[in-house]
Amino acid sequence: MTYRTEQPRTIRLAEYSPPAWLVDEVALDIVLHPDRTRVTARLSMRRNPAAAGGADDIVLDGRGLPLLALKVDGRALSPGEITKTDETLTVPGGLVAGRDRVSVETETEIAPAANTALEGLYLSKTCYCTQCEAHGFRKITFYPDRPDVLAVFRTRITGDPAKTPVMLSNGNKVGEGTLPDGRAWVEWHDPFPKPAYLFALVAGDLALVEDSFTTMSGREVALQIYVEHGNEDRTAYAMDALKRSMRWDEEAYGREYDLDLFMIVAVSDFNMGAMENKGLNIFNAKYILAKPDTATDLDYALIEGIIAHEYFHNWTGNRVTCRDWFQLCLKEGLTVFRDQQFSADMRSAPVKRIEDVRALRARQFPEDAGPLAHPVRPEAYIEINNFYTATVYEKGSELCRMLHLLLGAEGFRKGTDLYFDRHDGEAATVEDFIAAMAEANGRDLSQFARWYSQAGTPVVSAAGTYDADARTYTLDVRQTTRPTPGQPAKSPMHMPMRMGLVGEDGTPLPLRLQGEEQGDTPTDRVLELTGESHRFVFEGVDRRPIPSLFRGFSAPVRLETGLGEAEDLKLLAADPDPFNRWEAGQRHGRRRLLALMGEALVQKPFSGDPDFCEGLGAVLADEALDPAFKALALQMPTAHAIVQEVTDADPDAIFAARQALQAEIASHLKAPLLAAYERLSGAGDYSPDAADAGRRSLRNVALHYLSLLDDPDCRDLAADQFRAADNMTDTMAALATLTNMETPAREEALAAFYDRFKDDELVLDKWFSVQATSWRPDALQQVQTLTGHPAFTMRVPNRVYALIGGFASGNPVRFHGSDGAGYRFLADRVLMLDKTNPMVAARLLPALSAWKRYEPGRRALMKAELERIAATEPLSKDVYEIAQRLLA
Ligand code: PHE
Ligand code: ZN
């Protein structure tokens, strides 16, 4: 942990220079002990021919490590011959002058049990594990800890066989034995050169679940999932998802797995979701363990997606890695795109697309519109941990998706083939990726590349005019991007606009642009926008069309359609593009919420909108629609989404408007919602597949609506469902509903749930978070009480994310209580956590990032808490950087 008194340094992309020395091979010897783990590292180093020359000191990173011994080419160096700080160890170039190859051997000692930041080597319960991305390896040993240094690793681990019968590292196990004193050792060898951030070590008493996979070239790969004893029966879904991922990457991208062994370890204490270490993925247990009575449908979907994500990194991240951390989107954006494609293939593609866009809007749009805005490839950072953001990941994926649309599926595949061919075994850049895409397709992508360097969400506004006599439709589109921090002036983007024109009843109309041949005219096509404005004139349009633009959300923009209520309701009823059908409903829902908020302001009684309710009712009744789609269409825009649409946001007014709109929909559609609720009641065995999950999802949306009604037919639905549920999805939906209510059934349910699951940490997280997100006025009080619950601890990230994160990010009304107590609570917890786990502390802080969008009272209260945080000393770089940027 680095403290502010050290004046945090800004690292810049423009200052990149290649390393003066490379590492060909590294031999690690790690003797485990909770307080005194010995780490000896022997580095076979070579002068980098590509380096500029000049200062050829050997600089090794090493954060807070004692140097117990140092040998260069076998000669022990004395402290006077080298320079050592708390961050680096430097062997002066003069000592190795004239030599192109040197061997550097260091010895150090670390204390995994004292490592609460969960970076480097730490203990999760009694299991040793590592997290090295981005800068964890430097907390294990002295090393050039940068991704453009790729080495072959040999790792020897020694431990007490009673405590760590399982000892794992990357690659293949090449030896094992017992020492005369009874300790056990194993040796691992990873033949694929890799950067240090992909190193991993796991040692503990773990249960093993095994399977195997035959690759497309007929090689047999052993698949192993390691979990805590007793959890073996919760690994089947993860194993199945792994096998499907391996097959899919062969079929979709021609990528085969390269080692004979693929291991996954589930640990309880982990800052993030999971980590793609070569051949040894380490997962937050939450994204591995599932059985129907402990995991929800959402958990299953996340497990599938994250298993795929980490597996796909083997090619996009590991075989081709990143030159420096500014290139993070090169592996993350592309890998998210790949996992989204995979999940779309495994499930319903339109539903997956809607969910992904919902997440993008909830997390990335606010980032792009606020003080934390940064390009997909940032140009400067203080703490790289702060750049594992929705912009790098999710917007990064959108950029790949746009390329996929612009180049076509085949063109995109040609591009990735060339990229893999050219850069296998290398550390690449975004430029390398774009160049491969461009060259494989003979396309100029120089304007497209701007997406990686220009922050902010473009706003595209559209206006159309229909000329009935000439049978032409003229569509004008214009794009602008507002300034973001450090980028006052913006240039136009190159983007694909997939679109169609439809008649009032949704009939697709032919799309023939002026000057095009008559003939086989498409009804859905991709237009490319490159300039600030474009005019498209469609000919042969024989009735007034409704434009359906950016179908499938073909570019990450905010679209101002210029459409009115009536047109949106028609698109909701009949747009052939399911995404835009959903989108039209959301647009109208937003319009309604804004209107209701306006009415509240002038204290008018809320007006109704029966046409909209009927429109939603028609979606609900449509036999041809997927229940999962219906569930999404019936849900109104979130409070967070509305905050992005208004100035001087008032969380109470937004909450009141949402409640009013939902109550109106519920009472208007009571009969069909009740009928759907009854009809969908699950019969037969639970399956986590998309079809069954979709039915549960729709039924639980119905439950949510019906529970808003003060109606004898509906009052007991949630309590009854809670008692009858045979799976965690239905249990949690009922519990969430009850938790919002004033009824004795609430306390009973929470107590029963706790009683049943008190020994199950993953389920207990759900119990904490459901209470944190309750909209009852006493929610903050409850959360405060829960911080004193014996099962609560600030040491386990999952628990912190469930309770503190659940409240700050998942409770848009009570977190924003007008007295500022919610903000104060969050700031206190961030400061508390900063002392033990700065990365997790910093990840809580963006809950305050929209502070400038709120009404003056809240704005001042949020700002005051941010200032209090920023003025605290000492403070980690992580929290310091976020607080500074939020206040700038
Ligand atoms: N690289 C991991 C992933 O995307 C995320 C991660 C980053 C995990 C940093 C831990 C620490 O899959
Ligand atoms: Zn990733």
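Biologist: Which residues are around ligand 1?

Modeller: This is a predicted model, in which local features need pLDDT of at least 70, side-chain atom pairs count only at pLDDT 80 or more, and totals for chains, interfaces and linings use all residues. Residues are numbered from 1 along each chain as its sequence is written, while chains are lettered from A and ligands numbered from 1 in the order in which they are written. A residue belongs to the shell if its C-beta atom, placed from the backbone, lies within 6 Å of the molecule. By that criterion the shell consists of Gln131, Glu133, Asn271, Met272, Ala274, Met275, Glu276, His309, Glu310, Glu332 and Tyr388.

Biologist: Which elements give two or more residues to the shell around ligand 1?

Modeller: Elements are DSSP runs numbered from the N terminus, helices being H or I of at least four residues and strands E of at least two. Those that qualify are strand S20 (274–275) and helix H2 (297–312).

Biologist: Is phenylalanine 433 buried or exposed?

Modeller: Phenylalanine 433 is found in helix H6 (residues 430–441). A residue is buried if 20 or more other C-beta atoms, placed from the backbone, lie within 10 Å of its own, exposed if 12 or fewer, and partly exposed in between. Because phenylalanine 433 has 29 C-beta neighbours inside 10 Å, it counts as buried.

Biologist: Which residues does phenylalanine 433 touch, not counting residues up to four places away in sequence?

Modeller: Contact requires C-beta atoms, placed from the backbone, within 7 Å. With those sequence neighbours left out, phenylalanine 433 touches Leu330, Tyr419 and Ala428.

Biologist: What separates the C-alpha atoms of phenylalanine 433 and arginine 422?

Modeller: These two residues are eleven residues apart along the chain. The separation of their C-alpha atoms is 9.9 Å.

Notes. Two residues are in contact if their C-beta atoms, placed from the backbone, lie within 7 Å.
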